[in-house]
Amino acid sequence: IDKPANPRTSDLVEELGQVQFIFSDKTGTLTCNIMEFKKCSINGAIYGGSSKKKRLQGASKSLGSHHINGDPEAFNLLVSKQQNPQKNHIYDFFTLLCLCHNVVPESGEEGVGPQDVRYQSSSPDELALVEGAQRMGFTFMKRMGNRV
């Protein structure tokens with residue numbers, strides 16, 4: 001089709017003239033395509049976004065290394081014996097992060113523990129989410145046909 005574009009407004013041209021800088025890292029040149037799971041919002045509550053001092057104090061009190069960017073609050077709610085409506089939302093959130101992706105687990109040999117599973121992915125975003133779920137104790141171990 002040999003039909004030229006027909007602009008119907010000049011607003012866009014005026015706005016483009018005001019742009020001084022365009023910052024883009026689409027190719028990953030600046031970030032090296034390294035993604036890290038640092039913060040999440042579950043049912044309106046933000047985890048992983050607390051101050052550095054609070055994260056460090058809380059991390060030493062948490063069980064093992066289960067945390068979101070040094071913030072153990074979500075994990076502490078998960079393992080708490082007290083009933084909390086947020087507990088089910090946290091559990092569902094990390095279960096879905098652990099299962100809904102195209103990441104491939106590489107455990108190497110049978111009998112390996114959940115902490116030893118490493119992942120391969122063409123998407124650094126998906127890899128970061130699956131590794132974030134793993135840090136919370138939700139480890140994706142194996143994909144078998146139509147089961148995970």
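User: Which residues does His101 touch, not counting residues up to four places away in sequence?

Analyst: A contact here is a pair of heavy atoms within 4.5 Å, and with neighbours up to four places away in sequence set aside, His101 touches Glu126, Val130, Phe140 and Arg143. Before going on, note that this is a predicted model, in which local features need pLDDT of at least 70 and side-chain atom pairs count only at pLDDT 80 or more, whereas totals for chains, interfaces and linings use all residues. Residues are numbered from 1 along each chain as its sequence is written, and side-chain values use heavy atoms, with hydrogens and water left out.

User: Where does His101 lie, and is His101 buried or exposed?

Analyst: Helices (DSSP runs of H or I, at least four residues) and strands (runs of E, at least two) are numbered from the N terminus; in these terms, His101 lies in the loop between α4 (85-99) and β3 (104-106). Burial is read from relative accessible area, with buried under 20%, exposed over 50% and partly exposed in between, for a 1.4 Å probe and protein chains only. His101, with a relative accessible area of 7%, is therefore buried. Its side chain also reaches the backbone oxygen of Cys98 at 2.7 Å, a polar contact in the sense of a pair of N or O atoms within 3.5 Å, where within protein one must be able to donate a hydrogen and the other to accept it, and where residues adjacent in sequence count only if both atoms are side-chain atoms.

User: What span should the 15 residues of α4 have, and which residues of α4 are buried?

Analyst: The expected span of a helix is 1.5 Å times one less than its number of residues. The 15 residues of α4 should therefore span 21 Å, and the end C-alpha atoms are 22 Å apart, which agrees. As for orientation, an α-helix has 3.6 residues a turn, so residues three or four places apart point the same way. In α4, Gln86, Ile90, Phe94, Leu97 and Cys98 are buried. They cover an arc of only 105° around the axis, which puts them on the same side of α4; the arc is that of the directions from the helix axis to the C-beta atoms. The face turned away from this buried side carries the exposed residues Pro85, Asn88 and Leu96.

User: What do the buried residues of α4 pack against, and what does Gln86 touch, not counting residues up to four places away in sequence?

Analyst: The buried residues of α4 pack against β1 (40-42), β2 (45-47), α3 (73-79) and α5 (124-135). Gln86, found in helix α4, has a relative accessible area of 10% and so is buried. Beyond four places in sequence, Gln86 touches Ile42, Asn43, Ala45, Tyr47 and Leu77, and its side chain reaches the backbone oxygen of Ile42 at 2.6 Å.

User: Which residues of α5 are buried, and what follows just after α5?

Analyst: Ala128, Val130, Gly132, Ala133 and Gln134 are buried in α5, and the buried residues of this helix pack against α4 and β4 (118-120). Just after α5, Gly137 takes a positive phi of about 95°.

User: Which residues have the most contacts inside the largest nonpolar core?

Analyst: A nonpolar core is a set of buried Ala, Val, Leu, Ile, Met, Phe, Trp, Tyr and Cys residues joined through side-chain atoms within 4.5 Å. The largest one has 21 residues, and those with the most contacts inside it are Cys40, Tyr47, Ile68, Ile90, Phe94, Met136 and Phe138. β1, α3, α4 and α5 each supply at least two residues of this core. Phe138, leaving aside its neighbours within four places in sequence, is in contact with Leu78, Tyr91, Phe94, Thr95, Cys98 and Ala133.

User: How many helices and strands does the protein have, and in what order do the elements run?

Analyst: There are five helices and four strands, running α-β-β-α-α-α-β-β-α from the N terminus on. Buried residues make up 26% of the 148 residues in the protein.
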